[in-house]
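Please work through the following exercises with the sequence and the model side by side. Try each task on your own before you read its worked solution.

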Amino acid sequence: MNMRRILIAEDDPRDEQLTLAALSEYNLANKIYVVHDGEEVLDYLYCRGKFAARTSGNPIAVLLDLKMPKVTGIDVLRIIKADDNLKSIPIVVLTSSREEPDLAECYRLGVNSYVVKPVDFAEFMKAVKLLGVFWAAVNEPPPQPVAEVVPPEPK
């Protein structure tokens with residue numbers, strides 16, 4: 001079964017609710033997971049901590065805020081893009097940062113898209129809807145890594 005999952009990393013409850021509302025209008029994914037800091041992003045992707053029991057498989061996209069507690073979005077991006085099993089996941093930075101060093105660093109690390117959150121409610125909703133439609137419906141996600149099958153030891 002091709003489970004289309006989106007991972008949202010957002011520490012602002014208001015932005016989380018707006019993002020979920022915008023994405024839900026089109027039913028773009030079977031499941032949307034929300035995490036609230038960079039450590040939870042990594043726990044989700046590496047199936048550890050409270051996500052240890054989750055079904056493996058990468059999300060079709062990650063919407064990543066930059067200014068998060070515990071582990072910053074840039075550090076999360078750095079870790080994801082350095083890992084052969086994760087680096088093909090499309091990462092969309094959805095942030096309030098207009099700082100040129102953040103933009104440059106994200107693209108240097110291999111981000112797929114960098115979107116500054118509009119301040120206006122209607123524009124925010126429109127931007128997230130467009131992102132969702134593109135990354136969940138138009139874009140063809142990378143193939144899921146094949147789990148390595150280890151044969152049982154001979155008896």
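## Exercise 1: The packing of a helix

The buried residues of helix 3 pack against helix 2, strand 3, strand 4 and helix 4. Helices (H or I, at least four residues) and strands (E, at least two) are DSSP runs that are numbered from the N terminus, while residues are numbered from 1 along each chain as its sequence is written. The model is predicted, so that local features need pLDDT of at least 70 and side-chain atom pairs count only at pLDDT 80 or more, whereas totals for chains, interfaces and linings use all residues, and side-chain values use heavy atoms, with hydrogens and water left out.

**Task.** Find which residues of helix 3 are buried, and explain where around the axis they lie.

**Solution.** Begin with the term: buried means under 20% relative accessible area, exposed means over 50%, and partly exposed is in between (1.4 Å probe, protein chains only). By this rule Gly73, Ile74, Val76, Leu77, Ile80 and Lys81 are buried in helix 3. Next, take the directions from the helix axis to the C-beta atoms, since the arc is defined by them. These residues cover an arc of only 155 degrees around the axis, and therefore they are on the same side of helix 3.

## Exercise 2: The nonpolar cores

**Task.** Determine how many residues the largest nonpolar core has, and which elements give two or more residues to this core.

**Solution.** A nonpolar core is a set of buried Ala, Val, Leu, Ile, Met, Phe, Trp, Tyr and Cys residues joined through side-chain atoms within 4.5 Å. The largest one has 25 residues, and those with the most contacts inside it are Val41, Leu45, Leu64, Ile91 and Cys106. Two or more residues come from each of strand 1 (5–9), helix 2 (38–45), strand 3 (61–64), helix 3 (73–82), strand 4 (91–95) and helix 4 (100–109). A second, separate core of 14 residues includes Ile8, Leu23, Phe124 and Leu131.

## Exercise 3: The strands

**Task.** Work out which way the side chains of strand 3 point, and with which strands strand 3 pairs.

**Solution.** In a regular strand the side chains alternate between the two faces of the sheet. Here Ala61 and Leu63 point one way from strand 3, Val62 and Leu64 point the other way, and all are buried. For the second step, two strands pair if DSSP finds at least two bridges between them. Strand 1 and strand 3 run parallel and are joined by four bridges, and Ile8 stands opposite Leu63. Strand 3 also pairs with strand 4 in the parallel sense, over three bridges, where Leu64 has Val93 as its bridge partner.

## Exercise 4: The salt bridges

**Solution.** A salt bridge is a side-chain nitrogen of Lys or Arg within 4 Å of a carboxyl oxygen of Asp or Glu, and the whole structure has 13 of them. In the pair of Glu10 and Lys117, the closest N and O atoms are 2.7 Å apart. Glu10 lies in the loop between strand 1 and helix 1, and Lys117 in the loop between strand 5 (113–116) and helix 5 (121–138), so the pair ties together parts that are 107 residues apart in sequence. Both Glu10 and Lys117 are buried. Finally, Glu10, Arg14, Asp15, Asp65 and Lys117 are linked in a network of salt bridges, and Asp15, found in helix 1 (residues 13–24), is buried with a relative accessible area of 10%.

Methods: Contact means heavy atoms within 4.5 Å.
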